[in-house]
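Please find below a colleague's note on the model, written to be read beside the sequence and the coordinates.

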Amino acid sequence: MKGVINTIKNIDKWLLVVSIILFAIGSIMIFSSSNVSFYMSNAQSPYKYLIRQIIILVSGIGIGLVFLVFNLRTSTRFGSFCNYLILISLWLLFVFGKVSNNARSWFDLGPFNLQPSEFFKIFSIVWLARYYDDKKKDFNKLVPALLPMGLCILGFAAIFFQPDLGTAIIYFLIIALMFVLSPISKTIKNRIIYLLT
């Protein structure tokens with residue numbers, strides 16, 4: 001418990017302030033763009049989406065506090081497990097997913113819809129960082145260096161064919177940046193970049 005309290009005390013204050021500002025702006029935009037139309041078309045509370053957004057924020061804070069209980073290695077191991085689980089769920093969308101706006105990107109969970117690709121972007125960063133740290137001695141070999149990229153391509157393909165082009169492009173840029181900044185040998189990097197171009 002002391003570790004959690006110390007972590008909260010030492011949290012990056014500027015990052016926290018920026019996160020709060022972004023959440024406030026996002027909530028205002030959601031409320032202003034949905035309150036009248038939702039009330040007129042559904043005759044329900046105009047605050048429905050705002051309340052849902054606040055519930056999601058509180059849930060995210062709760063999940064973050066759970067991660068603070070564990071040390072970094074345990075947290076990244078759990079994050080890696082979540083990444084594999086979400087990768088599987090991305091392909092399950094083609095069977096059990098809900099179609100909205102011509103895209104099969106959501107699971108219908110009753111009170112809310114769940115979009116796995118949003119979580120996949122976050123947990124892929126955690127998984128890649130852990131993989132690159134654990135396997136950095138093997139990155140002169142082609143297979144260990146490219147294995148994570150293969151799994152990421154599977155995730156990218158699932159998102160692309162939903163189709164969700166916007167999320168697919170963002171995910172591709174994240175993975176490309178992680179690849180460029182990784183400890184993979186320059187020889188392998190140059191070979192892959194040459195093949196792609």
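The points that follow go from the overall fold to the sheet, then to single residues and side-chain pairs.

1. Basis of the note. This is a predicted model, in which local features need pLDDT of at least 70 and side-chain atom pairs count only at pLDDT 80 or more, while totals for chains, interfaces and linings use all residues. Residues are numbered from 1 along each chain as its sequence is written, and side-chain values use heavy atoms, with hydrogens and water left out.

2. Overall fold. The chain holds 8 helices and 3 strands, where helices (H or I, at least four residues) and strands (E, at least two) are DSSP runs numbered from the N terminus. Read from the N terminus, the order of the elements is α-α-α-α-β-β-β-α-α-α-α. Of the contacts with a separation of 6 or more, 61% are between residues 24 or more positions apart, a contact being heavy atoms within 4.5 Å.

3. Surface and burial. Among the 197 residues, 28% count as buried; buried means under 20% relative accessible area, exposed over 50%, and partly exposed in between (1.4 Å probe, protein chains only). The chain exposes about 13400 Å², of which carbon and sulfur atoms supply 72%, with areas taken from the Shrake-Rupley method and a 1.4 Å probe, and with only the protein chains shown counting as cover for residues.

4. The sheet. The 3 strands make an open sheet in the order E1-E2-E3, with antiparallel pairing; two strands are taken to pair if DSSP finds at least two bridges between them. Strands E1 (98–100) and E3 (113–114) stand at the edges with a single partner strand each, so one side of each has no neighbour in the sheet. E1 and E2 are joined by 3 bridges, and Lys98 has Trp106 in E2 as its bridge partner. Strand E2 (residues 103–108) pairs with E3 over 2 bridges, in which Asp108 stands opposite Asn113 and Phe107 has Leu114 as its partner.

5. Most residues other than glycine have a negative phi, and most peptide bonds are trans. Against that background, Asn101 takes a positive phi near 55 degrees in the hairpin of E1 and E2, which has 2 residues between the strands. The hairpin of E2 and E3 has 4 residues between its strands, and Gly110 in the turn has a positive phi of about 90 degrees. The peptide bond from Gln162 to Pro163 is cis, with omega near -10 degrees, and Pro163 is placed in the loop between helix H6 (142–160) and H7.

6. Two serines. Ser117, in helix H5 (residues 116–134), counts as buried because its relative accessible area is 0%. Leaving aside residues up to four places away in sequence, Ser117 touches Leu90, Ile159, Asp164 and Thr167. Ser182 lies in the loop between helix H7 (165–181) and helix H8 (186–196), and counts as buried because its relative accessible area is 7%. With the same exclusion of residues up to four places away, Ser182 touches Tyr132 and Lys189. A polar atom of the Ser182 side chain lies 2.7 Å from the backbone oxygen of Phe179.

7. Aromatic pairs. Rings of Phe, Tyr and Trp (its six-membered ring) pair if their centres lie within 6.5 Å, and planes under 30 degrees apart count as stacked, over 60 as edge-to-face and the rest as tilted; by this rule there are 8 aromatic pairs. One of them joins Tyr131 and Tyr132 edge-to-face, at 6.3 Å centre to centre and 70 degrees between the planes, and both of these tyrosines are buried. Phe160 and Phe161 also form an edge-to-face pair, at 5.3 Å and 85 degrees; Phe160 is partly exposed at 35% relative accessible area, whereas Phe161 counts as exposed at 56%. Ring pairs also link Tyr84, Trp127, Tyr131 and Tyr132 into a cluster.

8. The salt bridge. Which side chains meet in a salt bridge? A search of the whole structure finds 1, defined as a side-chain nitrogen of Lys or Arg within 4 Å of a carboxyl oxygen of Asp or Glu, and the partners are Glu118 and Lys121 (3.1 Å, N to O). Both residues lie in helix H5, 3 residues apart, which is about one turn of the helix. Glu118 is partly exposed, with a relative accessible area of 34%, whereas Lys121 is buried at 14%.

Methods. Polar contact = N/O pair within 3.5 Å; in protein donor to acceptor, adjacent residues only side chain to side chain.
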